[in-house]
Amino acid sequence: MKNTNLEISLAILPVRDLVVFPYMIIPLYVMRPKSIQAISHSLSTNRELFITAQKNKNTENPNITDLFQVGSVVSILRMRKLSDGRIKILVQGKSRAKIISNNSNSEFLQANISSISLALDSLPFNNETEVTVARIKKDLLYLNSYKKLLNPEILNILDDINNIHHFCDLIANSLGLKLQSAQKLLEENESEKKLLFIKEILNTEINILQSGSGQKNTKPSTVNDTTNYSNFTEQDNNQQSEDIQELQKQISKIKFPKKTKLEVEKQLKRLGTIHPESSEFSILRNYLDTIVELPWNIGEKSVINLKKSEEILNSEHYGLEKVKDHILEFLAVNKLKESNLNQSILCLVGPPGVGKTSLGKSIAKAMGRKYHRIALGGLKDESELRGHRRTYVGAMPGKIIQAFQQTKSNNPIIVLDELDKLGADGKGDPSAAMLEILDPEQNEHFKDHYLNVEFDLSKTIFIATANNLANIPSALRDRLDIIQLSGYTREEKLLIAEQYLVKKQIAQSGLTSENIKFENSSIIKMIEAYTRESGVRTLGRTILKVCQKMARKIVEKTESAIVVTEKNLHDFLGVPHFLKENQLQENSIGVSTGLAWTSVGGEILYVEALKKEGKGQLQLTGQLGDIMKESAQAAFSYAKAHYSALEIKPKWFEKYDIHLHLPAGAIPKDGPSAGITMAVTLISVMSDKPISKDLAMTGELTLTGRVLPVGGIKEKCIAALAHGIYKIILPLANKKDVEDIPLNLRSQIQFLFVEHLDEVLTLAFNTSLQKTELLGSGIEKQNAA
């Protein structure tokens, strides 16, 4: 044995005729004032106690000297105050420990405790001990066939244990030894002696059984000869009987499905046959408590008023007209249908901060249902959703069943937040579990591993949110009704700030509109120089930061009121976090303006190239991804194949290499949408033709020169406008996407739609525009008319 030098101070709970072993889970009923104070102290600190037995069970107010020096450190798992003044706690043994010095006060016993570390704790069975262990297992199986000494689940767990002390402690928990024998076993540090001690007890029981005298007993003599459990835990068996009767009453009032009712009644009957001090009793009681807590027949009556629902959506979310229309259509279908069978699962997809999660709250409010959010980000274990089987220590239902426990309703609205962030590891794939949860054809019979009975999810409305649809498995994506949410424009952010954010953050800071006012110019400056996002979450935090600084000035009485302007914003927020890319000042050879989409909105992307002596090689830099590298190679190959038509000198590829670079090299870049931009840049250098500085472009390029559609058109065009670029080259197939851009912004842009790289080059090099279809302010005028 070796003692660790680390000492900790713990409250002491003395018990009568009971030894708590490590890993043991046991309920205790406590009445003595000092013991209650010890528990209160433990709950207010680290929830740990030191439990040790009294040497004389008749001592009413024991001191440290009246207790055995070796006991167990336990964790308090649960505490409940009873109507008669007693406290019921559920504890689990953690480790052996011994009292080093008395540290008691007038309120409760306390001591400096040192954990006992056993020399063989980490060593597996050796050849000698394996024989003894095998014999003990065989004797346990024999005795269990007559007397049910151990739960069959415990027998299975023993097969997985290869540590002697753990093995012996687990068996000792169920043998019900006399105090002196149990204390001796707890204090024993030699593993071989411990095994022999357990073996002797089992041999005695087998001898009694075979002689006939033990066949009339229901427990081994070691259990019969031990103690009255009601004395040493201050437990009243009548109270336990009353608890079971109360549980039976609660169960009788619930209208369970037929199979569930049979299983619950079976488990309740089994509960009555288990000793209340057994760890199995606590596990089964917790299970039945969970069953009773679930809302099997309790739900909210949906009263859907489309006009009121529209008012709720408009009052809580600005813009998002197409999204709101889709949600109102969804609500209309729910109003007409009597059940949720085959109900579509909404999935709100968009960048962070655009209001996906809050839309779920608004839908719950519009339908008059309970709301619950489940965060899925980083979840990798399937059991987090389906629950853990009751054979595991600390098992509990999964997040889905917990949602029903908390809402107390069988038809809540559950938001599955960040569905695209689900992971997977060796413990199962949570996205596979989601297939059943989100399938209306299957979720009526959802079975949580902990409950092991069916629970109907079909009355529930699930709403998922995600940032990136590509990260959701195709089988799961097929079950979703996708609603795309794009980012807000600068003007939309300004209006949201004026109508919602400023008022909210002023109130949150304890200020009033008399203390602080924001000019529009200051909010625009925040949007452009201090935030870079598609949503408004960071903008809200930035406004709050200004308000907090003002609150400090008011408390310090240096200022009482202020108007925040573009000029004094620097005093509150410091140096701007983001600077605009400068627009090109002149037409340049080898520099073009591309457009990119990021998770926080659109960006302009400059592409640069230069030639150097070489033999026709292409060099790529700027931390490009594989797809972008392939696009550059395709553009390079197109230029080599059509050098004559592109007015590139025949010997150019024999004399020069070309280096293509995308600035902001620390930022990874990928995707096909820069294909035409890289092609124009390369051909500009090869043919010595300058590129128009007034153009921005985006589009995928094929090896044959065709221009294919890309995504993020709205965000890209807004980024171009923000940088003073009003001519944008787009693939012809993206013509339909222009309608998503607000009319006031659309009318400022001249859209140049193309189908082939030849048309792009004609526009970029300021030559003939014959083959290019132009669409700009003329169409906007037609729409206005």
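Where is the place of Leu703? In this predicted model, where local features need pLDDT of at least 70, side-chain atom pairs count only at pLDDT 80 or more, and totals for chains, interfaces and linings use all residues, Leu703 sits in the loop between β21 (700-701) and β22 (707-708). Residues are numbered from 1 along each chain as its sequence is written, and side-chain values use heavy atoms, with hydrogens and water left out. Helices (H or I, at least four residues) and strands (E, at least two) are DSSP runs, numbered from the N terminus.

With a relative accessible area of 56%, Leu703 is exposed; the label means over 50%, while buried means under 20% and partly exposed lies in between (1.4 Å probe, protein chains only). Leaving aside neighbours within four places in sequence, Leu703 still has contacts (heavy atoms within 4.5 Å) with Ala634, Ser637 and Tyr638. Tyr638 is 65 residues apart from Leu703 along the chain, yet their C-alpha atoms are separated by 6.2 Å.

Zooming out, the protein chain has 29 helices and 25 strands. Buried residues make up 51% of its 785 residues. Of the contacts with a separation of 6 or more, 73% link residues 24 or more positions apart.

Glu48, in strand β3 (residues 48-53), counts as buried because its relative accessibility is 14%. Apart from neighbours within four places in sequence, Glu48 touches Ile8, Leu10, Ser42, Val73, Val74, Ser75 and Lys94.

Helix α17 (residues 430-437) is largely enclosed by the rest of the structure, because six of its eight residues are buried. Those in question are Pro430, Ser431, Ala433, Met434, Glu436 and Ile437. They pack against α15 (383-386), α16 (399-407), β9 (413-417), β10 (446-447), β12 (461-466) and α18 (474-477).

Then there is a helix pair. Helix α20 (residues 520-530) packs against helix α21 (residues 537-555) at an angle of about 120°, with the axes 10 Å apart. Here axes are lines fitted to C-alpha atoms, for helices over the stretch in contact, and angles run from 0 to 180 degrees between N-to-C directions. That angle makes α20 oblique to α21, since under 35 degrees is roughly parallel, over 145 roughly antiparallel, 65 to 115 roughly perpendicular and the rest oblique. On the α20 side, the contact is made by Met526, Ile527 and Tyr530, and on the α21 side by Leu539, Thr542, Ile543 and Val546. These residues divide into six nonpolar, one polar and no charged (Ala, Val, Leu, Ile, Met, Phe, Trp, Tyr, Cys and Pro count as nonpolar, Asp, Glu, Lys and Arg as charged, and the others, Gly among them, as polar).
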